[in-house]
Protein chains: 2
Amino acid sequence: MKVDGKYYRTIWLNESEPRLVSIIDQRFLPHRLVIVKLRSVEEIATAIRDMQVRGAGLIGATAAYGMYLATIDAGQKEHFEESLRKSAAMLKSSRPTAVNLEWAVEFQLAAILNGGSNEERTAIALRTAIRIADEDADHCRQIGLHGVRIIEEIADKKNGKTVNILTHCNAGWLAFVDYGSATAPIYEAFNRGIDLHVWVDETRPRNQGAGLTAWELLNQGIPHTVITDNAGGHLMQHGLVDLLITGADRVTRRGDAANKIGTYLKALAAHDNEIPFYVALPSSSFDWKIRDGLIEIPIELRNADEVKYVYGLCENEIKKVLITPEASPALNYGFDVTPARLITGLITERGICGASESEILNLYSEKSI
Amino acid sequence: MKVDGKYYRTIWLNESEPRLVSIIDQRFLPHRLVIVKLRSVEEIATAIRDMQVRGAGLIGATAAYGMYLATIDAGQKEHFEESLRKSAAMLKSSRPTAVNLEWAVEFQLAAILNGGSNEERTAIALRTAIRIADEDADHCRQIGLHGVRIIEEIADKKNGKTVNILTHCNAGWLAFVDYGSATAPIYEAFNRGIDLHVWVDETRPRNQGAGLTAWELLNQGIPHTVITDNAGGHLMQHGLVDLLITGADRVTRRGDAANKIGTYLKALAAHDNEIPFYVALPSSSFDWKIRDGLIEIPIELRNADEVKYVYGLCENEIKKVLITPEASPALNYGFDVTPARLITGLITERGICGASESEILNLYSEKSI
């Protein structure tokens, strides 16, 4: 997508620097566009853990590039496979909830170990990383093409009146390699000339909505308004929301969806007010091994300081302010699980389906047991 | 309640300065305890509008003291009643949602105009202000004595295991003259030795939970943990919440409750997880004239900058940080309405009742039409 009119992806290699992985350090957005070059699998793992990069798809793609750098590193060591597996384990433990991470690392591991010489393995790793990133972008584009039909239908019913869409957190292009999942239908609808407006949940504690989604939409020229996470229920009660679309970090076989903490509350309000609630995800975010999301999806417990301190721009610098008494403890779960019963449908790269095992398997029949 | 071991109310007159109304300027909490002395009805109205004081009960008591200062002012003018009515209108328009404000001003107006000489009227106004403040504190104390039974019952069922209570915003002693509404049963239960712990919603955008409720609980030595407004649903899904108690800014005849924005979302999650959700209020927060809270309660639309900027302690000063792109718009509704169907019960100074017109009128039979 575009930033100040220039085309970017969230992760890339420069041809002149094939051993450096470039990313946008998202911790400085929306205030500064900072490009960082990562030179080792350790730096990649740190970038994932510290959330220089975040979002289901981008975590996966970054880990895939991490495995590429790990292959270069392993090639200089005595025990290639042992070294590579260590790197894989380190990457997988850098964030626990997004299934794309595990998926990308395992996919790379299998592909790389298929190769013969170390050079061949490095070449495979690079090709696979690029393929995973390209596929991520392509899947998001497809999600946009399928999901736009939902927005078009609502626009038809509203006879040209503005379609109001609420989203939580950032499942935009910054969370993937390009386009985004929840935002892809919005970008597509906007390009088709549909009159729309996006309610952006600020998404405490890290404010990925206020900082990232708002910045994305602003750069694409899409009308939007930032609201507190508390506000969505009131807006829905008063007819000010026509549709909710969020992303997901992990979706089970039966359609339970782990997403940024607070998503469940919005799904409840959508249900209470009979407003459609869709979850957009590429197939890499499905966890085919599990059914009951509430029991089986591990929920990341992050540092309490993310609750106690808020980062933002102050006197032209990025600073943090303490919002609690110094001595009060805080707790910081990163995600919650929205049960399938509250989800109107899933928007995937293969099409739209209901949030149930049978309907999901209609699209992904190869995953039938 | 106590601050650093010293007893305070939220509003008082010093005997040596009978024409100065002292308040705690709550905008500096939890970082500094700042006492401000107000000397005119204009300063009182500003203190309410700018939220130096806030919370249903305290707004009412502050307005009552405002009418006392207005009476002194009116006594120096040619047209006493005209001047007093102007002050009353100014006070009533300083915040739109809390019904206590209107109630206190009208109560004072009627009482004052009953008096003969200006001196008599001033004396009546002072007595009435003190009476409204004392009654507010007493009603909160009664709410505590009734509400503690709910906590005791849960503690019995849990066989001494910690009772986890979630609250939203600040309906503590800082929102009233003393004790608080939602916190009064908590303080009473704690004093009776019940093992309890409070989940404190930070309550964006103004963070009255993180800043005020946490500070209150810390000063009383009550175990608590600050969470984001997004987190409560997840905690409820996982059995980590036994009871929710919030305050209310206005409750209709049939039990619809306007409270800080986001309360409705917590009520939905409590309902979905079959956890009791109680609203604690003194009778001054009932609006007997209306039934349908969603349609009839005016919801204050506050400055969008409260969403875009977050205040907190930074390098030992209170500063604000910008969390959105400068150019992104924001919207800031202050309250939402929780329909009676989601409320397990109301805790009032007269006892506990269900959230329905007939059950409310069982306690307040004089309000039957």
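**Leu20(A).** I looked up Leu20(A) and found it buried, at 16% relative accessibility (buried means under 20% relative accessible area, exposed over 50%, partly exposed in between, with a 1.4 Å probe and protein chains only). Leu20(A) sits in strand β4 (residues 17–24) of chain A (helices, H or I, of at least four residues and strands, E, of at least two are DSSP runs, numbered from the N terminus). Its C-alpha lies 5.6 Å from that of Leu38(A), 18 residues apart along the chain. Beyond neighbours within four places in sequence, Leu20(A) is in contact with Trp12(A), Leu13(A), Lys37(A), Leu38(A) and Arg39(A) (contact means heavy atoms within 4.5 Å).

**Ground rules.** I note that this is a predicted model, where local features need pLDDT of at least 70 and side-chain atom pairs count only at pLDDT 80 or more, while totals for chains, interfaces and linings use all residues. Residues are numbered from 1 along each chain as its sequence is written, chains are lettered from A and ligands numbered from 1 in the order in which they are written, and side-chain values use heavy atoms, with hydrogens and water left out.

**Salt bridges within a chain.** I searched the whole structure and got 54 salt bridges over all chains (a side-chain nitrogen of Lys or Arg within 4 Å of a carboxyl oxygen of Asp or Glu). Glu17(B) pairs with Lys37(B) in one of them, the closest N and O atoms being 3.1 Å apart. This pair links distant parts of the chain: Glu17(B) is in strand β4 (residues 17–24) and Lys37(B) in strand β5 (residues 35–38) of chain B, 20 residues apart. Glu17(B) is partly exposed at 23%, and Lys37(B) is partly exposed at 34%.

I then checked helix α5 of chain B. Arg141(B) and Asp138(B) lie there three residues apart, about one turn of the helix. Their salt bridge has its closest N and O atoms 3.3 Å apart.

**Lys319(A).** I found this lysine in strand β15 (residues 317–322) of chain A. Is Lys319(A) buried or exposed? Lys319(A) is buried, with a relative accessible area of 11%. Its side chain makes a polar contact of 3.2 Å with that of Glu315(A) (a pair of N or O atoms within 3.5 Å; within protein, one must be able to donate a hydrogen and the other to accept it, and residues adjacent in sequence count only if both atoms are side-chain atoms). Its contacts beyond four places in sequence include Cys314(B), Glu315(B), Lys319(B) and Val321(B).

**Interface.** I counted 63 residues from chain B and 63 residues from chain A in the contact. Six salt bridges run between chain B and chain A. Asp272(A) forms a salt bridge with Arg341(B), at 3.0 Å between the closest N and O atoms. Helix α9(B) gives the most to the side of chain B that touches chain A, with six residues.

**Symmetry.** I laid chain B on chain A: RMSD 0.0 Å, a turn of 180° and a shift of 0.0 Å along the axis (superposed by least squares on the C-alpha atoms of residues with pLDDT of at least 70 in both). That is the relation of a two-fold axis. In chain B, the C-alpha nearest the axis belongs to Leu265(B), 2.9 Å from it. The same surface serves both copies, as 100% of the contact residues of chain B recur in chain A.
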